[in-house]
Amino acid sequence: MDEEKTNQQTDPQNKTQAVEPLPEQTPEPHPPQSVTMQKSRWHRFRNWYTARKKWTIPATVVLLLLILAAIPWSRYQAAGLVVKKDSTIEILDSTSRSPVSGATVSADSVNSQTDGDGRATLRLSAGRHTLLISKKYYEEHRANVLVPILGQKSTPAIEVDATGRQVKIIVKNLISQKMLGDVDIKVADITAKTDKNGEAIVVLPVGTDEQKATLGLGGYNSSEVTVKISSTEVLENSFTLTPAGKVYFLSKRTGKLNIMKSSLDGSGAKVVVAATGKERDYDTVLLPSPDWKYVALLARRTTTYPTPQLYILSTEDDELLGVDNGDADYSLVGWSGDNLIYTVIRSDLPEWRTGRDKLKNYNAGTGKITLLNQNSAAGDSITSAYEYYTFVMISGEDVFYAKNWTLVYDEESGYPESLVDGKKHTLSVISAAGRGYKQIASYEINLELQYSRHSPTGFYIWQHFDEEKFYDYTVGTDAPKSVSIDSDEFYDAYKTFYVSPSGKKALWAEARDGKFTIFVGDASGLNAKTIASLDEYDVYGWFNEDYILVTKDGTELYVMSVGGLPTGQAGGKPVKITDFQPTTPTTY
C-alpha cells in the first residue's frame, strides 16, 4: 500500500497527485536612481574615451606627469628618467676663494675637470646627486647638488681645503703684456690653468722652496719656468709667454752673411742657410712675404754671374730654391699673396733691344714664373729709344706700373725723335697672375713724369713741361684726376706701405716732430690710428695680424703689438728680437 502511494506521487499521468508547495520568493529590490545614472555616465565616458584613443591616451599621460611633477619627490624621480642637463659647478679654494683648476669632479659614472675659472660641467639627470671633488694637495670633498629640471639659474660654488703650500702664478703676453687665460700649468705632478685674468692659485707640496713648471698655450711657445714657494705667504710668480713663430734675418755674427731665424724673443737663433762666402753686404737683400711663409733672397752665392741672383726660402722646411738667374740686374718689388713681383734688366742685351727690361711674377706655391710685361725699344747701336719702368706698385692682387720712353743722344744724329713717332708714356695695370691687362693712361713723349705713392691704393702723378700739373689716381677708378698740390706736397706724400697678411690692414710711418709716428689703417689707408711715436725706430713689416716689426738704426729688429706699446712696459719700448745685417728692398 505504501508502494501504491509512492507510484501515485511519481506518476506524471496522475492528475490527482499531491504537489509540494514552492518556497516563498522575495522580490529583488530595484537599484537607486543615482547609481543607475552613475553607471550610465561611466558607460558613456568609456565609450567616448575609447573612441578617441589617439589623443585621450597621450592627454592622460601628460596629466599623470603633471600630477607627479606637482609632488617634489616624485617630480625628480620621474624627470630623472628622461631629463638630462648640463650642470656647471664652481670649485674654489677655501682660503683664497680663488678658482681651483685641474680638479676632478665626478658624480655617478660622469666626471669632468675644472677649467681655468674653476668650473666643470657634467651632464646629469635631473634630481639630487652627490659630487666627489679631488685634486692632489687638496682634501677630498663630497657635496650634494640638485640638478633642476629647467635651466640652471646659478652656478653652485663648492670650497675645498688645501693640504700644501699655495702660490700664485700670473702669465702675460711678452709683447703686449696682456694677461693670458687658459694657460696650461704643469708643476709637481699636478695640472692647472690660468683664469680669464691670467692668474692661477696652485697648491704645491710642503718642504721645498721651488718647483720646475711648464707653461703652454696654443699660439705661444712653451716655457720652462721656476716657481718660488713660501711657507709663510702666498708668493706671486709672474711669467711671460712668447707668441709662436720665427723671424728670418741676415746676420754676419759668424763672419759670413748667413740667413738665420729665431723666436720673437730672440731665443733659439740658428743658421738656416749658410753663406758661401761669395755674398756681398751692399747687394744682398732679404724680403719676407707678409705671412712669413716665404722669404725672397737676392744674393751672389756663386761667381757664375757678376750680379745677385734670385732665390726663395720656404719657412716650412727652410729649403732654399733658385728662382731666376742670368746676367741681369734683379730688383724686388714686393709680395701679393704667394706671388713675388720683381723686375729684371738683362745685361746681355743692348738698350735698343725689346725685352731688355721685364716685369715678372714668381708664384712660390706653384714654382711658376709669369712674364707680366716687358719694355719696347727701337733703333740700333748708334741711335736708339727704349722704355723703362719708372714706377711699380702692388695693391691687393693687382700690379700697377708706369713706363717712360727715353732717347739715346748721339753727337752726330742728335736725338732720334723719329724712332718714337706715335709712342707714348703709359700707366697700366695687370693682375699678379698675369690677367686683366688694362692701360689706365697715356702721355705725350715730350712730358716728364714722376710718381709718388700716398696711400695703399693711391698715388700722385707729376707732369712737367711748360707748366707743372698734378694728378691723383685711386685704385678702381677709370683715370687719374687733376689735384691741387705743389711739388713739396708731392714729395712729402711719398710713403712705403706694408699690407697685413689678410690684406685688411695697412701699416706705415711718417716723420713728425723728429720722430717716426707709426700708423695702422684699413686696406685703403683710411681710419688710421696712431700706435706709437718713436724717435729711433722705423717700420720693417708685419708679423701676422697682431704684431708689427720695427728697426732701430737699421741694424736692430724689434717687435710690438699692433695695438701699440702697453702701459707700464719698461721704458715704453718694443721688445728686441735680434741684431741683424740691414736689408733694403728696392722700391719704385
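**Figure 1. Asp 182, Asp 184 and Lys 193 are joined in a network of salt bridges.** A salt bridge is defined here as a side-chain nitrogen of Lys or Arg within 4 Å of a carboxyl oxygen of Asp or Glu. The model is predicted: local features need pLDDT of at least 70, side-chain atom pairs count only at pLDDT 80 or more, and totals for chains, interfaces and linings use all residues. Residues are numbered from 1 along each chain as its sequence is written, and side-chain values use heavy atoms, with hydrogens and water left out. Lys 193 is partly exposed at 23% relative accessibility, and Asp 184 is partly exposed at 33% (buried means under 20% relative accessible area, exposed over 50%, partly exposed in between; 1.4 Å probe, protein chains only).

**Figure 2. Glu 159 and Arg 97 form a salt bridge.** Their closest N and O atoms are 2.2 Å apart. The pair links distant parts of the chain, 62 residues apart: Glu 159 belongs to strand 7 (residues 157-160), and Arg 97 to the loop between strand 1 (84-93) and strand 2 (104-107). Helices (H or I, at least four residues) and strands (E, at least two) are DSSP runs, numbered from the N terminus. Glu 159 is partly exposed at 34% relative accessibility, as is Arg 97 at 47%. Over the whole structure, the search finds 23 salt bridges.

**Figure 3. A salt bridge joins the side chains of Glu 510 and Lys 495.** The N to O distance is 3.9 Å. Because Glu 510 lies in strand 36 (residues 505-512) and Lys 495 in the loop between helix 5 (487-492) and strand 35 (498-499), the pair ties together parts 15 residues apart in sequence. Glu 510 is buried, with a relative accessible area of 19%; Lys 495 is buried at 14%.

**Figure 4. The structure holds 18 aromatic pairs, among them Phe 470 with Phe 490.** Rings of Phe, Tyr and Trp (its six-membered ring) pair if their centres lie within 6.5 Å; planes under 30 degrees apart count as stacked, over 60 as edge-to-face and the rest as tilted. With centres 6.1 Å apart and planes at 50 degrees, the rings of Phe 470 and Phe 490 are tilted. Phe 470 is in strand 33 (residues 469-474) and Phe 490 in helix 5, so the pair ties together parts 20 residues apart in sequence. Both Phe 470 and Phe 490 are buried.
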